[in-house]
Amino acid sequence: MLINPPFVRAEAQDKATRAALVRRLPWLIGRWDLSIPFLILALMRVRPGGLAAMVLPSPALAQPYGLPLRQRLLAEHGLITLTDFEGFTGAGASVALGLARAHAPHDGPCWAEGPKATALL
């Protein structure tokens, strides 16, 4: 599955949608970007052992709001590779790309590139 979530900062989100997501995912913390619940809910739908390629905001690799995503990627899904870079020309966002095996913790090495990805692993 290819997962490309919406990048919507906390202050730009609809309050009712945000409240509904917190009720469904009570572990969401801080000023999370909409990509965090989107990525987790999408990963939940990938069949066990299936591959998920993800585009995610690079700050989610280091900021507190991304902690639940990082914990789940490392503990519940087999993170295979993670790369962060300054983004696409004209996109206005720095992004990271990840590849994970869903619902199958990875016991081998994980390839990381970029300062945030390397610090995470």
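On a 1 Å grid over the protein atoms alone, a pocket is an open set of points where a 1.4 Å probe fits, with protein on both sides within 12 Å along at least five of seven lines; lining residues have an atom within 4 Å of a point. Grid points are joined across faces, edges and corners, and a volume is the space filled by probe spheres set on the points.

This is a predicted model, in which local features need pLDDT of at least 70 and side-chain atom pairs count only at pLDDT 80 or more, while totals for chains, interfaces and linings use all residues. Residues are numbered from 1 along each chain as its sequence is written, and side-chain values use heavy atoms, with hydrogens and water left out.

**Stop 1: the pocket.** Select V8, R9, D33, P57 and Y65, which lie nearest the centre of the largest pocket among its 14 lining residues. The volume of this pocket is about 200 Å³.

**Stop 2: the sheet.** Helices (H or I, at least four residues) and strands (E, at least two) are DSSP runs, numbered from the N terminus. Two strands pair if DSSP finds at least two bridges between them. Show the five strands of the open sheet, ordered β1-β2-β4-β3-β5 with mixed pairing. At its edges are β1 (2-3) and β5 (111-113), each pairing on one side only.

Next, select β3 (residues 78-85), which runs parallel to β5 and is joined to it by three bridges. Here T83 stands opposite E113 in β5. Strands β3 and β4 are antiparallel, with seven bridges; T81 stands opposite L99 in β4. Seven bridges also join β4 to β2, again antiparallel, and there L51 is opposite R101 in β4.

**Stop 3: the helices on the sheet.** Contact means heavy atoms within 4.5 Å. Axes are lines fitted to C-alpha atoms, for helices over the stretch in contact, and angles run from 0 to 180 degrees between N-to-C directions. Select helix α3 (residues 67-75), which lies across β2, β3 and β4 (95-101) and runs at about 140° to β3.

**Stop 4: helix α2.** Finish with α2 and colour its residues by burial, where buried means under 20% relative accessible area (1.4 Å probe, protein chains only). Eight of the ten residues of α2 are buried, so this helix is largely enclosed by the rest of the structure. The buried residues are S35, I36, P37, L39, I40, L41, A42 and L43. To see what covers them, show β1, α1 (15-24), β2 and α3, which are among the covering elements.

Notes
Buried means under 20% relative accessible area, exposed over 50%, partly exposed in between (1.4 Å probe, protein chains only).
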